Each structure stands twice: as structure tokens, then as C-alpha cells.
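Q: I would like to learn how to read a two-chain model, starting from one chain and moving on to the interface. Could you walk me through it?

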Amino acid sequence: MTEQAYLVLLSLAERPRHGYGIVQAVLELSDDAVRLGAGTLYGLLDRMVAAGMVEPDREEIVDGRLRRYYCLTEHGSAAVVAETARLQALARRARRVLRADPALGSA
Amino acid sequence: MVAAPFPAARPPVVPDGVAPAFVRSVQFWSRAYPRRWRAARGDELIGLLADLAAPGARRLDVRSALDLVRGGWATRLRERPPLGPWLLYRLFGTRSLRDHLGWVADDIAGALFPLRHVMGTALFIIPINVTHVWAGGISYFSTWSFWIFVVIALSLDSQLLDGYRRWRAIETYLLARTGERVTAGSWVRVRAPRRRVTARAALPWAAAAPVGLLVACVAAAARAPRAVRFEATEPGAWPGFGLVDGGAVPRGAVLAVLVLAVAAGVVLASMVRTRLRRPGLSVDQPDRELERVGVRRATFVVLDVALLAALPIAEALGAVPLGLGLWLGIAAGVLAPPAVVAWLVVRQLPGAGELAFVDVRRIGLVGRAPRVDGPSSVLTPAQPSEVGAVWPWPWSAKGQTPALG
């Protein structure tokens with residue numbers, strides 16, 4: 001799973017969001033490092049919908065803008081939990097490696 | 001089948017406070033996406049890009065535009081059909097893309113479809129062309145006629161044939177046939193009223209056509225400088241004579257023949273008048289929808305008459321000898337009076353607004369009551385509720401059968 005895909009899934013784990021909501025949440029989650037464009041976002045959403053991880057939830061029109069909300073499916077929730085666990089394990093191993101090196105011990 | 005099968009895309013929703021120029025810019029760049037994607041997501045995309053853009057933006061910024069183009073082409077690549085079935089579809093017209101109906105529908109709706117459709121067959125030209133060039137001939141691709149053919153293939157379908165080729169393609173590739181399961185993207189054939197042109201709309205055209213031809217033929221008979229003449233051929237040869245150019249015009253005889261034809265037409269016209277004035281002509285037509293003549297039919301009538309009239313006009317100008325035009329004149333002379341009389345009668349007949357042109361033709365020329373029309377059918381995209389059902393025989397009274405298994 002790419003970092004962008006993980007961040008999109010993570011943004012939907014909290015609550016269903018529309019496209020602009022996902023872009024804002026991803027920006028926040030990545031500490032302003034990942035700014036998704038519309039083409040990238042819909043590419044990710046299309047693939048996640050096809051994989052059964054995300055599904056359209058509801059639609060509303062705000063200020064003349066059509067907003068379609070997306071939510072995680074059970075499969076999507078399981079995938080984001082599994083990816084988080086994998087990243088946690090990776091971070092733990094990374095810390096162990098860094099502690100073994102006295103020059104980087106403070107990391 | 002009266003209009004192009006795929007309606008033009010509806011105008012997009014312009015979000016509040018967003019310049020229409022910005023929406024047009026988004027639409028332009030989002031053409032990288034397949035048509036079906038734009039239909040499903042277009043408004044949502046405009047909303048998102050309006051949220052992301054700077055206030056008052058009049059066009060999409062370069063980064064977003066490039067992102068759309070990249071995303072659009074990635075979507076096209078991701079959703080393309082597999083090569084083998086695609087080649088079978090394109091080259092041999094098989095229904096091998098049954099699992100990619102969305103892609104096929106987009107293919108048929110595309111502006112270049114008529115060209116792509118003939119190109120599949122035209123690809124067979126390549127080996128023939130290569131052989132031809134090896135044998136010392138010039139490449140077909142460097143000839144004007146080839147490119148004229150390409151332009152005709154492109155324009156003929158939508159401009160003149162009313163999207164005929166697209167309708168045929170929908171029938172072949174998208175229509176769920178009897179006994180097939182309806183899938184997302186399938187089209188189905190449903191019962192529809194039979195469309196007929198009203199008598200009041202059609203009769204002025206039906207009267208003007210033979211009158212116009214008759215005038216052209218009379219002019220040819222009066223002005224033609226020469227006529228065809230019979231000439232005996234060698235003894236023993238069949239049929240013993242030939243037609244050659246350059247005979248003197250027997251003007252009196254020719255005009256007399258035309259007058260006789262018109263006289264026969266007048267007799268027919270009085271019969272038509274009596275028949276049309278009989279009471280009780282209207283028949284209940286539950287499966288019929290009356291319509292106007294329409295631009296396409298009118299164009300065809302004008303073109304047909306112009307093509308036919310070219311012959312007597314050419315005869316009158318002396319470009320060809322008077323001959324065949326006389327037969328055309330006889331036919332026009334016999335038909336013109338009843339057509340004019342039918343028009344005049346139907347215009348004033350109470351209740352004739354319900355009559356179709358075919359009814360008047362039958363009453364006038366055959367003398368029988370109008371036929372009751374059976375239903376017709378139209379092709380239409382399947383409703384979501386029909387997806388999954390096995391399609392029954394067209395317009396079965398039972399509706400669609402439930403999916404088996």
C-alpha cells in the first residue's frame with residue numbers, strides 16, 4: 001500500500017468524508033507533506049472502490065457543489081488496521097536499529 | 001430510431017461563486033477521462049476543483065491540469081479491455097467485450113466511432129497496400145480518394161444517416177438478446193408506439209413532389225432539342241433494334257402522352273376524393289404515435305426529387321436526348337392529381353388530424369380502411385432494476401423473467 005493510499009484510508013477511518021474533506025485530512029495527517037491533486041485522489045478512490053475497501057456513502061449539494069461522501073468498508077477498515085500494525089512494527093524495528101548505533105542513539 | 005443514440009452531455013452544474021470560465025477549463029482538461037467516468041463524476045470533480053482553487057480563479061492551474069491528464073489516462077489504461085478480445089471486436093466485430101460494456105458504449109459514443117468502425121476492416125488494406133507498393137504501385141495512403149473516403153466515413157453517419165451505424169453497433173454489441181442476462185451497461189429492446197407522419201404534414205410534400213417532376217417533364221417535352229430514336233440492328237441479333245441519340249422530337253405526341261397521363265390522374269383523383277369523404281375512416285390506433293415530417297425526411301424528399309428532376313432538366317437543356325424522362329413524366333402525371341386532391345380534401349376533412357399519411361395512401365389508392373398498427377420497438381439503456389434478469393422475448397406480457405440461479 002502506498003503512503004498516499006494509506007493516508008486516504010486513514011482519513012476515512014474517522015468518519016465518511018467528501019473529496020475536499022479527504023484532501024484536507026490527508027494534508028493534516030501528513031503534516032502538510034502530502035497535498036493530493038484531484039486526479040490522484042480519484043485514481044486512488046477508483047482503485048479502492050474496485051478493491052472493495054471504500055464505498056460511496058451519500059451525496060449532498062453545498063453552495064452548488066456536488067459532494068459525494070465515501071466511507072470505509074469492513075475490508076477497508078481491516079486493511080488500514082493491518083497497515084498501521086505493520087508500520088508500528090517497522091517503527092519499533094527501526095528504533096532498535098538506531099539505538100544500536102551510538103552515533104544515532106538519541107533517535 | 002429518430003435521433004442520435006447518445007444524448008449530448010447535460011450542461012454542468014456551476015458552483016456558487018465560481019466563474020463559468022473555470023468550469024469550462026475543468027471540462028476541457030477532464031476530457032482525458034473516459035466519457036462514462038465524466039458522466040458519473042463530472043459534477044463532483046468540478047466541486048472538488050472549485051474548493052481547491054484560489055478564489056476567483058478563471059482557469060485550472062497547471063499542476064491540477066497535469067494531474068487531471070495523468071489521472072485521466074491512467075483511468076483509461078486501467079479500464080481498457082484485454083488485447084485479444086479487443087482485437088476480435090475491432091477487426092472482426094465479435095461480441096467479445098461482453099464484460100466491458102461500459103468501454104464499448106464509450107467507444108460507440110465517441111466522435112470518431114464511424115471511422116474506427118470502418119478502420120477495423122480497413123486495416124486489411126495494409127497488407128494489400130504493402131504488396132501493391134512492392135509490386136511497383138503507389139501507396140493507397142498517398143491518394144486523395146483514400147482520404148476522401150475517410151472524411152465521408154466520418155461525416156456520413158451522424159450528418160446524413162441519423163447515427164445509423166451507431167444504432168447498429170448498439171444492437172450488435174450492447175443489446176441484451178433474448179435469453180441473455182442483462183448486465184450493467186446493457187441496452188434492451190422495449191415496446192414503443194409505431195411512429196407515423198400525419199397526413200396533414202406529409203401530403204403537401206407528397207403533392208409537391210409529383211407536381212414539381214411533372215413541370216420538369218413538360219418543360220423537357222417542350223424544349224428538348226433531340227430525342228432517342230430506335231434503330232434496327234443487324235438481322236438475327238436480339239432484340240432487333242437499339243436506342244441511339246439524335247432523333248427529332250415528336251413534340252406533339254410526347255405532350256399528348258403527358259396530357260393523357262394527367263387525365264388518368266384526374267380520374268384517379270376523383271376516386272380518391274370519393275373514398276376519402278366516406279364516413280368512419282378513423283380507426284383506433286393504440287400503438288401509434290403521430291409525428292411531423294421532420295428535417296431529415298424533408299431533406300430526403302428534396303434530395304430525391306432533385307435527383308429525379310435532374311434527368312428531365314438535362315433533357316430540356318439538350319445534355320441528354322429525350323427518352324427516359326417521358327416515363328418519369330407519365331408517372332408524375334398520373335400521381336400528381338390524386339396527391340393534390342388528397343391534400344385538399346384532408347386539409348378540410350373533420351377528424352383527419354388523426355390520420356397518418358399511410359392511412360390516406362391506403363384509403364385513396366386501395367380503397368380499404370386503415371390498418372391497425374402493431375407496436376414498434378426502441379433500444380434503450382437497461383434500468384438498474386433490470387440488471388441481473390434474463391431478457392425475455394421482446395415486449396413479453398410478463399415483463400422480464402427473474403434471473404435463473
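A: Let us begin with contacts along the chain, where contact means heavy atoms within 4.5 Å. In chain A, 44% of the contacts with a separation of 6 or more come from residues 24 or more positions apart. Keep in mind that this is a predicted model, in which local features need pLDDT of at least 70, side-chain atom pairs count only at pLDDT 80 or more, and totals for chains, interfaces and linings use all residues. Residues are numbered from 1 along each chain as its sequence is written, chains are lettered from A and ligands numbered from 1 in the order in which they are written, and side-chain values use heavy atoms, with hydrogens and water left out.

Q: Which pattern does chain A follow along the sequence?

A: Helices (H or I, at least four residues) and strands (E, at least two) are DSSP runs, numbered from the N terminus. Chain A has four helices and three strands, in the order α-β-α-α-β-β-α.

Q: Which residues of helix α2 of chain A are buried?

A: Buried means under 20% relative accessible area, with exposed over 50% and partly exposed in between (1.4 Å probe, protein chains only). By that rule, 44% of the 107 residues of chain A are buried. In α2 (residues 19-29), the buried ones are Gly19(A), Gly21(A), Ile22(A), Val23(A), Ala25(A), Val26(A) and Leu27(A).

Q: How is the size of an interface given?

A: It is often given as the accessible area lost when the parts come together. Here the buried area (1.4 Å probe, summed over both parts) is about 1900 Å² for chain B and chain A, 48% of it on carbon and sulfur atoms. Glu44(B), Leu48(B) and Asp51(B) supply 30% of the area that chain B buries against chain A, more than any other three residues. The contact involves 25 residues from chain B and 20 residues from chain A.

Q: How many salt bridges cross the interface of chain B and chain A?

A: A salt bridge is a side-chain nitrogen of Lys or Arg within 4 Å of a carboxyl oxygen of Asp or Glu. The rule finds five across this interface. Arg41(B) and Asp46(A) form a salt bridge through their side chains, at 2.6 Å from N to O. On the side of chain B that touches chain A, α2 (35-52) and α3 (62-78) of chain B each supply at least two residues, and α2(B) gives the most, with twelve residues.

How values were computed. Buried area is the accessible area (1.4 Å probe) that two parts lose on being put together, summed over both.
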